[in-house]
2 protein chains.
Amino acid sequence: MSQQAADAIRDTSAPAPSESPGTADRPADRAPDAPEEVRHAVGLMADRARTASRALARADRDWKDRGLHAIAASLDARRAQVIAANREDVAREREAGMGGALLDRLRLDDARVDALIAALRELAGLPDPVGTVVRGQTLPNGLRLRQVHVPMGVVGAIYEARPNVTVDIAGLALKSGNAVLLRGGSAAAATNRALLHLIRDALHGVGLPADAVQSVDEYGREGANALMAARGKVDVLIPRGGRSLIQAVVRNATVPVIETGEGNVHIFLDESASADTAVPILLNAKTQRPSVCNTVETLLIHPRCAAAPAVLRELSRSGVRLHADERARAIAGDVPTVPATEEDWATEYMDLDLAVAVVDDLDAALEHIRRWSTGHTEAILTNDLANAERFIAEVDSAAVIVNASTRFTDGGQLGLGAEVGISTQKMHARGPMGLRELTTTKWIVQGDGHVRS
Amino acid sequence: MSQQAADAIRDTSAPAPSESPGTADRPADRAPDAPEEVRHAVGLMADRARTASRALARADRDWKDRGLHAIAASLDARRAQVIAANREDVAREREAGMGGALLDRLRLDDARVDALIAALRELAGLPDPVGTVVRGQTLPNGLRLRQVHVPMGVVGAIYEARPNVTVDIAGLALKSGNAVLLRGGSAAAATNRALLHLIRDALHGVGLPADAVQSVDEYGREGANALMAARGKVDVLIPRGGRSLIQAVVRNATVPVIETGEGNVHIFLDESASADTAVPILLNAKTQRPSVCNTVETLLIHPRCAAAPAVLRELSRSGVRLHADERARAIAGDVPTVPATEEDWATEYMDLDLAVAVVDDLDAALEHIRRWSTGHTEAILTNDLANAERFIAEVDSAAVIVNASTRFTDGGQLGLGAEVGISTQKMHARGPMGLRELTTTKWIVQGDGHVRS
């Protein structure tokens, strides 16, 4: 490190740290570096991915779409093999104690294979983000400028034991012209091996490089660590899964990460909200698919909202457990509730549970949201224009909704086509990420001997 | 961490690591965490910045521009104080052995203060990026969508001892509606203190929150470490400085970082390049301002390029030291050269030095660029359309230039107005970053009781 650089991040009057600082000072919750041989092997894998990405970047849309259709056909033809491999994984994990939703997400049956095939074919029907011009002009000096979308290059994906993500991410990466390195978790190892094999065969069959899709699973957790540390070789890392997975990747990766998914979503029922709109919206936002990130988790109620009792009654009738504060319990009357604690405001239930609080006014609602929101989606139900405008302006979330269900925060619903995930960070992509968000841009400058004056 | 999350990043068959892994496994080159009291203090500072950022996000363009003019006026009125504080810094650092370009960059004189004032006034004249609509539509179901640019919120800046950056970043942040936390390095401490004071007074004077601009310098290197670790409180970190500063920030920060600046820039002189365009372009690209990142550092020559001898002769006549490989020395004839080693291909001289290599053909030029480029800017000088197209398609850099000087990779030149830096990464922003790149987006969804079906 140069003296200047060192100066900027340390105070020169403080004692200079040694190159290897004392262990007492080290952050305790970062993953250890992967052993040299694993880093080397993953590095070589990334180099092959880079070479493959160059071919993909030059492949036109027709060619990439042929690749997607070939993967779909291959998955159809080899479905028996894939499902057999999945049975192996499911049996082993059940034996090891996995159950419930986890085991369900691991399972791949005929219907789910059909859904994957349909998604690949739909992806082939979407426009190609590569080559789209962001902006362009001819400068007064005659220089021609354009900024165009180009693939990122090499994308890394770290996800939990959901084998459908393997096909999903491989398809999205291919369509956007990127090579991908996968880390799918050992619980789905047999299924992912079978899928990887057929995807690579399909790519090869249409003349695209098989190394566009590779997996580091053979190196286990060391492979994941090496992937997170492969800055310069991997352009972006997308973790898909629960909060703890995503936080572990954010904490450990030097490769840039796009955070997705966490949604502690709020709806504010303003004084002027009518039961006619509020009841259907709350039922839709809470009960349509409670396990996903755009489902509502906290309802905030204006003390004089006449629609509130009906809303609570209908939610309860639909099987929603209401975790209500004292004032909300008073509104609920004989509708069953459980007392809310502060923990409820922070909880993303992802189930038929809803935290309910009465807040004094719009200001108090905004304050509650600022404190507890994860920045995914918040909605206001109101007939007051000034309050709607303030809510839009002051809520700092990826999506701000007026008088509609929070379930609309979704790439498909918002017209983006396929969805990579929903980003809750502010860099690069915010909210639903489509194919375009898997690209970067390049400035192309064309002159006739132009020099800068 | 949930079992599923743990599974995805480690192999469950491997022994589970303890919560505090053995010190032997820890990465040795990460900065230690800042002490709790510094993290707490910087956290409170970030909270005040967040509150200030909310006021800034709602301030209209006129108000922010009044703030910029007030800072300019205040800098003008207190220039004697600022320059006196700077003399203190310069004297102390000269005493401590600083010299040359470093000492020059630290210095602030009347002319430089004038330049800062002019830049602030120019910034006030630029359009406001906040509120610009990225895309929008009304869906078939009547839902109204728009994705608009909004400020990031809280920006962190870590830079070397260049006090002009303090004013520069404060102005850019204000115009884009962001609050900023600065870490300017102890060498410029007195100057930065004087600047911070007058900036905050100026903001206060027009009714904008003074806490929109704060500094962590009082905590020295611990302040920088705390800033880098303030994920969730600081939205983005922009390091400005040399390679080692930027790499240290990238390695240590959990806050998302935008990498800027490193430019190992190439020009490929194709067979069909004419001396009429090649000579002025090379002279411009190398000699106009050799210390900046868009200056050319390596010239690659096609073996049959007739213009090459004239180009080398004119570069040498202009004082450029040519670090040439064997074949390039043969072309140079009696033009003085020094032998190039592999290190020259990797070097960003930022001086009147140029590495020169003869490459077999366009493929070899592309291969050389792939190996050594930092992804900033590369140019081809050619009259061959197919080669120009291949160069544009296959070079993976922020800017790809045909028949013009590499000096055009610059926010001002490309019409972006003020420049935050030149990003050499692919996430969020690539190439010159203007005010728009200091914003994120928000989806605004408006319905009339819409639910998802």
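**Asp89(A) and onward**

Mentor: Leaving aside residues up to four places away in sequence, Asp89(A) touches Leu106(A), Ala187(A), Ala188(A), Ala189(A), Ala190(A) and Thr191(A). This is a predicted model. Asp89(A) belongs to helix 4 of chain A, residues 79-95. Its relative accessible area is 0%, so Asp89(A) counts as buried.

A second position with such a value is in the other chain. Ile281(B) is part of helix 11 of chain B, and it is buried, again with a relative accessible area of 0%. Its contacts, not counting residues up to four places away in sequence, involve both chains: Gly449(A), His450(A) and Val451(A) on one side of the list, and Ile267(B), Leu381(B), Asn403(B), Ala404(B) and Ser405(B) on the other. Ala404(B) is 123 residues from Ile281(B) along the chain, yet their C-alpha atoms are separated by 6.3 Å.

The axes of helix 11 (residues 275-287) and helix 12 (residues 308-317) of chain B come within 9 Å and cross at roughly 35 degrees. The crossing is right-handed. Helix 11 of chain B contributes Ala275(B), Ala278(B), Val279(B), Leu282(B), Leu283(B) and Lys286(B), while helix 12 of chain B contributes Ala310(B), Val311(B), Glu314(B) and Leu315(B). By type, the residues of this contact are eight nonpolar, no polar and two charged. As background, an α-helix has 3.6 residues a turn, so residues three or four places apart point the same way.

Helix 12 can also be examined in chain A. There its buried residues are Ala308(A), Ala310(A), Val311(A), Leu312(A), Leu315(A) and Ser316(A). The elements covering them include helix 11 (275-287) and helix 13 (326-332), together with strand 7 (265-269), strand 8 (296-301), strand 9 (321-324) and strand 11 (353-358), all of chain A. Just after helix 12 of chain A, Gly319(A) adopts a positive phi of about 90 degrees.

One open sheet has ten strands from both chains, in the order 1(A)-2(A)-16(A)-13(B)-12(B)-7(B)-8(B)-11(B)-9(B)-10(B), and its pairing is mixed. Strand 1 (133-138) of chain A and strand 10 (338-339) of chain B are at the edges with a single partner strand each, so one side of each has no neighbour in the sheet. The partner of strand 1 of chain A is strand 2 (residues 144-151) of chain A, paired in the antiparallel sense over five bridges. Within that pairing, Gln137(A) has Leu145(A) as its bridge partner.

Strand 4 (residues 179-183) of chain B is mostly covered, with five of its five residues buried. Ala179(B), Leu181(B) and Arg183(B) point one way, Val180(B) and Leu182(B) point the other way, and all are buried. Strand 3 (residues 154-159) of chain B pairs with strand 4 of chain B in the parallel sense over five bridges. There Val155(B) stands opposite Val180(B).

Last, the two chains as a pair.

Note on methods:
Residues numbered from 1 in each chain as written. Chains lettered and ligands numbered in written order. Predicted model: local features only at pLDDT ≥ 70, side-chain atom pairs only at ≥ 80, totals over all residues. Heavy atoms only, no water. Buried < 20%, exposed > 50% of the residue type's maximum accessible area, 1.4 Å probe, protein only. Helix = DSSP H or I, 4+ residues; strand = E, 2+ residues; numbered from the N terminus. Contact = heavy atoms within 4.5 Å. Axes fitted to C-alpha atoms, helices over the stretch in contact; angles between N-to-C directions. Left-handed = near helix turned anticlockwise from the far one by under 90°. Nonpolar A, V, L, I, M, F, W, Y, C, P; charged D, E, K, R; others polar. Pairing = 2+ DSSP bridges.
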